[in-house]
Amino acid sequence: AQGRVILLDPKLEVIHMKRYNFAKLIANDFVIPFLFAQLLKRYGSLLPIVRERRFSHASLAQVFAAASAFAALGGLIFMAWSFSVTALAASVACLSLFYVYWAPFLAKAARRGSGFALKTGLFLPLDAAVQFAGMTAGLLYARTR
């Protein structure tokens, strides 16, 4: 915003020294996009979303995949409550779109073994839905403040 340049070294590698459990990982994956959405509002620019086709470090395709995971999980919850076949079909369609996007990543995960790939494939939509919820909540929160 002040016309300064931030230089990044693409060869830089880091090790995050955080210790995660399931609850901390889910909470972190909600908070980071929530806070980033507030930064977008604070600095008054949606340019990264429009010009660079990304939200934070995620491409818009990844954001749409996260939205499909969010919709799928919502549909599954509704289906469990209402026994709606339509909700189940919509959830399956949304999950299919999600897995089409993430197929290359899951193929790489399979190289680490089928057990790892299965765990990754089951966790990924939940994690993406949480990230999408964080993005959405952050944008709504920032808009009302």
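Reader: Is Pro 33 buried or exposed?
Author: In this predicted model, Pro 33 is buried, because its relative accessible area is 10% and the cut-off for burial is under 20%.

Reader: Which element holds Pro 33?
Author: Pro 33 belongs to helix H1, which covers residues 22-42.

Reader: And how far is the C-alpha atom of Pro 33 from that of Gln 131?
Author: Those two C-alpha atoms are separated by 6.3 Å, although Pro 33 and Gln 131 are 98 residues apart along the chain.

Reader: Let us step back. How many helices and strands are there in the protein chain?
Author: The protein chain has five helices and two strands. Along the sequence, their order is α-α-β-β-α-α-α.

Reader: What share of the contacts in the protein chain join residues at least 24 apart?
Author: That share is 59%, taken among contacts between residues at least 6 apart in sequence.

Reader: What about burial over the 145 residues?
Author: Buried residues account for 28% of them. The protein chain exposes about 10800 Å², and 68% of that area comes from carbon and sulfur atoms.

Reader: Which residues form the largest nonpolar core?
Author: That core has 11 residues: Ala 65, Ala 66, Ala 67, Ala 69, Phe 98, Trp 102, Leu 106, Leu 124, Ala 128, Ala 129 and Phe 132. At least two residues of this core come from each of H3, H4 and H5.

Reader: What does Phe 98 touch?
Author: Setting aside residues up to four places away in sequence, Phe 98 touches Ala 65, Ser 68, Ala 69, Leu 124, Pro 125 and Ala 128.

Reader: Now the helix pair. At what angle do the axes of H4 and H5 cross?
Author: The axes of H4 (residues 85-110) and H5 (residues 114-144) cross at roughly 145° and come within 10 Å. The crossing of H4 past H5 is right-handed.

Reader: Which residues meet there?
Author: From H4, the residues are Leu 95, Phe 98, Tyr 99, Trp 102, Phe 105, Leu 106, Ala 109 and Ala 110. They meet Ser 114, Phe 116, Ala 117, Thr 120, Gly 121, Leu 122, Leu 124, Pro 125 and Ala 128 in H5.

Reader: How many of the residues in the contact of H4 with H5 are nonpolar, polar or charged?
Author: The contact of H4 with H5 involves 14 nonpolar residues, three polar and no charged.

Reader: Gly 121 is in that list. Why does it count as buried?
Author: Gly 121, in helix H5, counts as buried because its relative accessibility is 10%, and buried means under 20%. Apart from neighbours within four places in sequence, Gly 121 is in contact with Tyr 99 and Leu 106.

Reader: What separates the C-alpha atoms of Gly 121 and Ala 109?
Author: They are separated by 8.8 Å, with the two residues 12 apart along the chain.

Reader: Turning to the loop between H3 and H4, what is phi of Phe 83?
Author: Phi of Phe 83 is near 55°, a positive value in a residue other than glycine. Phe 83 lies in that loop.

Reader: Is Phe 83 buried or exposed?
Author: Phe 83 is exposed, because its relative accessible area is 70% and the exposed class begins over 50%.

Reader: What about Ser 84, buried or exposed?
Author: Ser 84 is in the loop between helix H3 (60-82) and H4. With 17% relative accessibility, Ser 84 counts as buried. Beyond its neighbours within four places in sequence, Ser 84 is in contact with Phe 78 and Met 79.

Terms used. Residues are numbered from 1 along each chain as its sequence is written. This is a predicted model: local features need pLDDT of at least 70, side-chain atom pairs count only at pLDDT 80 or more; totals for chains, interfaces and linings use all residues. Side-chain values use heavy atoms; hydrogens and water are left out. Axes are lines fitted to C-alpha atoms, for helices over the stretch in contact, and angles run from 0 to 180 degrees between N-to-C directions. Helices (H or I, at least four residues) and strands (E, at least two) are DSSP runs, numbered from the N terminus. A crossing is left-handed if the near helix is turned anticlockwise from the far one by less than a right angle, and right-handed if clockwise. Contact means heavy atoms within 4.5 Å. Ala, Val, Leu, Ile, Met, Phe, Trp, Tyr, Cys and Pro count as nonpolar, Asp, Glu, Lys and Arg as charged, and the others, Gly among them, as polar. Buried means under 20% relative accessible area, exposed over 50%, partly exposed in between (1.4 Å probe, protein chains only). Accessible areas come from the Shrake-Rupley method with a 1.4 Å probe; for residues, only the protein chains shown count as cover. A nonpolar core is a set of buried Ala, Val, Leu, Ile, Met, Phe, Trp, Tyr and Cys residues joined through side-chain atoms within 4.5 Å.
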